[in-house]
Amino acid sequence: MAADLTPAELTLLGLLIEKPRHGYELDEVISARGMREWTEIGFSSIYYLLARLRDRGLITEIDERRPARGKARRVYRATAEGRRACARATEAVVAELRPVFPPILVGLANQPILAPDRFRAALDRRAAALTERIAAIGAVRDAQPEIPGFVRAIFDYSLGQLAAERQWLAAYRAELEELCDQSPPGRRPS
């Protein structure tokens with residue numbers, strides 16, 4: 001990735017360019033925007049990533065917000081170098097087509113090891129999970145009618161990917177059923 005930013009670092013840096021935030025606020029934005037569907041940022045990793053970005057001079061700590069009660073929070077904002085690094089990395093990840101390695105491909109490569117009925121049952125479970133995930137992501141998106149266009153695009157991209165997989169899965173399951181119907185009993189393909 002450009003400027004040696006991991007996807008998680010680039011995500012946090014972009015959120016800090018939007019506006020200065022503290023770690024808990026970053027976690028709230030990540031949750032509200034459904035970013036955990038496409039990033040590997042856990043709550044506990046936010047502070048680790050903030051420290052890495054700070055140590056690299058891409059963000060800086062600004063005055064602490066002192067709540068009426070509770071603990072003061074460290075607020076971070078992007079530096080000028082952080083903005084430049086984010087712009088370079090963003091352009092690169094948008095422009096570059098990178099391979100993805102979905103685990104389902106490993107499962108398909110090992111399909112012959114499963115009994116046909118178990119394989120079809122696994123595909124059925126995947127189809128159900130896709131339907132649930134599409135509904136969940138759609139609900140999160142639709143619960144936020146005022147989200148900026150770029151945030152809606154993230155939801156729509158995710159939904160498009162899931163819909164494409166659901167379409168492929170339906171066609172593959174139909175193909176397997178057709179092969180099963182054409183095979184003599186006792187020699188059913190998976």
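The largest pocket in this predicted model has a volume of about 2200 Å³. A pocket here is an open set of points on a 1 Å grid over the protein atoms alone, with protein on both sides within 12 Å along at least five of seven lines. Its volume is the space filled by probe spheres set on the points, which are joined across faces, edges and corners. Lining residues have an atom within 4 Å of a point.

The largest pocket is lined by 43 residues. Trp38, Val100, Tyr157, Ser158 and Gln161 lie nearest its centre. Two or more lining residues come from each of helix 1 (7–18), helix 4 (80–95), helix 5 (103–109), helix 6 (116–142) and helix 7 (149–182). Helix 7 gives the most, with 10 residues. By class, the lining of the largest pocket has 28 nonpolar, 6 polar and 9 charged residues. Ala, Val, Leu, Ile, Met, Phe, Trp, Tyr, Cys and Pro count as nonpolar, Asp, Glu, Lys and Arg as charged, and the others, Gly among them, as polar.

Some ground rules apply. Residues are numbered from 1 along each chain as its sequence is written, and side-chain values use heavy atoms, with hydrogens and water left out. Because the model is predicted, local features need pLDDT of at least 70 and side-chain atom pairs count only at pLDDT 80 or more, while totals for chains, interfaces and linings use all residues.

**Overall layout**

The protein has 7 helices and 3 strands. Both kinds of element are DSSP runs, numbered from the N terminus: helices are H or I with at least four residues, strands are E with at least two. Along the sequence the pattern is α-β-α-α-β-β-α-α-α-α. Of the 190 residues, 32% count as buried. Buried means under 20% relative accessible area, exposed means over 50%, and partly exposed lies in between (1.4 Å probe, protein chains only). Among contacts (heavy atoms within 4.5 Å) between residues at least 6 apart in sequence, 60% join residues at least 24 apart.

**Nonpolar cores**

A nonpolar core is a set of buried Ala, Val, Leu, Ile, Met, Phe, Trp, Tyr and Cys residues joined through side-chain atoms within 4.5 Å. The largest has 23 residues, and Leu5, Leu12 and Leu13 touch the most other members. Helix 1, helix 2 (23–32), helix 3 (43–55), strand 3 (73–78) and helix 4 each supply at least two residues of this core. Helix 1 provides the largest share, 6 residues.

Leucine 5 has contacts beyond its neighbours within four places in sequence. Its partners there are Leu10, Leu13, Leu53, Arg56, Leu58, Ala85, Cys86 and Ala89. A second, separate core has 14 residues, including Leu123, Ile134, Leu162 and Leu176.

**Salt bridges**

A salt bridge is a side-chain nitrogen of Lys or Arg within 4 Å of a carboxyl oxygen of Asp or Glu. By this rule the count is 15. The table lists some of them.

| Pair | Closest N and O atoms |
|---|---|
| Arginine 52 and glutamate 9 | 2.6 Å |
| Glutamate 61 and arginine 74 | 3.8 Å |
| Aspartate 156 and arginine 141 | 2.9 Å |

Arginine 52 forms a salt bridge with glutamate 9. The pair links distant parts of the chain, with arginine 52 in helix 3 and glutamate 9 in helix 1, 43 residues apart. Arginine 52 is partly exposed, because its relative accessibility is 30%. Glutamate 9 is buried, at 0%.

Glutamate 61 pairs with arginine 74. Glutamate 61 is partly exposed, with a relative accessible area of 33%.

Aspartate 156 forms a salt bridge with arginine 141. Here, too, distant parts of the chain are linked: aspartate 156 sits in helix 7 and arginine 141 in helix 6, 15 residues apart. Aspartate 156 is partly exposed at 35% relative accessibility, whereas arginine 141 is buried at 17%. Salt bridges that share partners also join Glu9, Arg52 and Arg56 into one network.

**An enclosed space**

A cavity is a set of grid points where a 1.4 Å probe fits but cannot get out. The whole structure has 1 cavity of 30 Å³ or more. The largest cavity has a volume of about 40 Å³. Arg33, Gly34, Glu37, Trp38, Ile137, Ile154, Phe155 and Ser158 line it. Helix 7 gives the most to this lining, with 3 residues. The lining residues divide into 4 nonpolar, 2 polar and 2 charged.
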